[in-house]
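Colleague: I've got a few questions about this one, if you have a minute. Let's bring it up on screen and go through it together.

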Amino acid sequence: MTDFASKVILVTGAASGFGQAIANAFAKKGASLSLVDKDEENLNKVTEQCKKAGASKVLAVVADLRVEDDIVRAMNETIEMFDRLDVLVNNAGVFRTGSVEDTTMESFDLLFAVNVKAHFHFTQLAVPHLEKTKGNVINLTSIASEMLLSTDILYGMTKASLTYFTKTTALGLAEKGIRVNAVAPSVCRTNILKRPDALGPDLSEDEIFEFEEKTHPLGGVLIEKQDVVDAILFLASDSARTITGTNLLLDRGRLLAGPLYKRE
Ligand SMILES: NC(=O)c1ccc[n+]([C@@H]2O[C@H](COP(=O)([O-])OP(=O)(O)OC[C@H]3O[C@@H](n4cnc5c(N)ncnc54)[C@H](O)[C@@H]3O)[C@@H](O)[C@H]2O)c1
């Protein structure tokens, strides 16, 4: 069992969804937390939750991950406060539906900035600190990283890129004793599809969930936040000391079945 009470965990996108659940889970284990998000109001709420849940110390950093200086400031403030980093959870992400024909270049820049460039930058800044602690990085990819979804082309491209990044950095950082892994959930009820412009006018969140419930060979349920939390607590722990470069699918068999599969 890993004693997270002595560890410092940085979670991006901590104000909502998986990030909020991940922050609370590490808080319950007594970890020190650096929580990063652009949504100040919800970040403050999650910070209070984590303090009540048992976190040793919590730093909240309001930062827009599209802005390089914000990322540098978030890492600097984390190290100034805690003087170490054990686990970096690159979780923040945005979604846009759309094919190659109906995707704007504004969406292209946004998704690559938040879903790829920010994680690259945070990881780069974290390396010297993770080398000292023999720490690890966990990236939030998606089932879309390994499945050809032509109607969600941009999102899939960013997650495929993040999977490549996970594997190449796992290889590149192994000699420093740093592990790098990813978790790839299928669909879960968070706020990601509720964000402005995520779906466009012709698609509703309910339609997606109704469709997605039939795509999992293991049965009708969607992924729960707790499924992601459990995977991350494991990958972050010493129990996963042999695991690096993995993109852990949390998809109830969906990738095995393929994008056209429908369970009656
Ligand atoms: N929910 C799903 O079905 C699902 C499935 C697979 C993977 N994921 C991935 O999980 C991760 C978390 O998503 P979620 O579902 O919890 O979404 P969410 O929308 O509930 O939370 C995302 C968080 O990221 C923050 N964020 C977005 N852009 C930011 C920016 N520019 N600067 C700082 N913070 C920013 C938001 O403010 C929000 O708090 C994402 O990487 C997403 O791609 C989600």
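Colleague: In S4, which residue is the bridge partner of Val-11?

Modeller: Keep in mind that this is a predicted model. Strand S1 covers residues 8–12 and pairs with S4 in the parallel sense, over three bridges. Within S4, Val-11 has as its bridge partner Val-89.

Colleague: And in S5, which residue is the bridge partner of Asn-90?

Modeller: S4 is also joined to strand S5, residues 136–140, and the two run parallel. Four bridges make that link. The partner of Asn-90 in S5 is Asn-139.

Colleague: Are the side-facing residues of S4 buried or exposed?

Modeller: S4 spans residues 87–90, with Val-87 and Val-89 on one side and Leu-88 and Asn-90 on the other. Both faces of the strand are covered. So with a cut-off of under 20% relative accessible area, the word for all four is buried.

Colleague: What about Thr-78, what is its relative accessible area?

Modeller: Thr-78 sits in helix H3, residues 68–82. Leaving aside neighbours within four places in sequence, Thr-78 is in contact with Val-8, Leu-10, Ser-34, Leu-59 and Asp-83. Thr-78 counts as buried, and its relative accessible area is 0%.

Colleague: Moving on to H4, how far apart are its end C-alpha atoms?

Modeller: H4 takes in 29 residues, 105–133. At 1.5 Å a residue, the helix should span 42 Å. The model agrees with that, since the end C-alpha atoms are apart by 40 Å.

Colleague: Where does H4 bend?

Modeller: The bend comes to about 50°, and a proline, Pro-128, follows within four residues of it. After the helix comes Lys-134, with a positive phi near 55°. As for the bend in H4, the residue is Val-127.

Colleague: Last one: of the contacts with a separation of 6 or more, what percentage comes from residues 24 or more positions apart?

Modeller: For background, the chain's secondary structure comes to eight helices and seven strands, and 53% of the 264 residues count as buried. Among contacts with a separation of 6 or more, residues 24 or more positions apart account for 76%.

How values were computed:
Residues are numbered from 1 along each chain as its sequence is written. This is a predicted model: local features need pLDDT of at least 70, side-chain atom pairs count only at pLDDT 80 or more; totals for chains, interfaces and linings use all residues. Side-chain values use heavy atoms; hydrogens and water are left out. The expected span of a helix is 1.5 Å times one less than its number of residues. The bend at a residue is the angle between axes fitted to the seven residues ending there and the seven starting there. Buried means under 20% relative accessible area, exposed over 50%, partly exposed in between (1.4 Å probe, protein chains only). Contact means heavy atoms within 4.5 Å. Two strands pair if DSSP finds at least two bridges between them.
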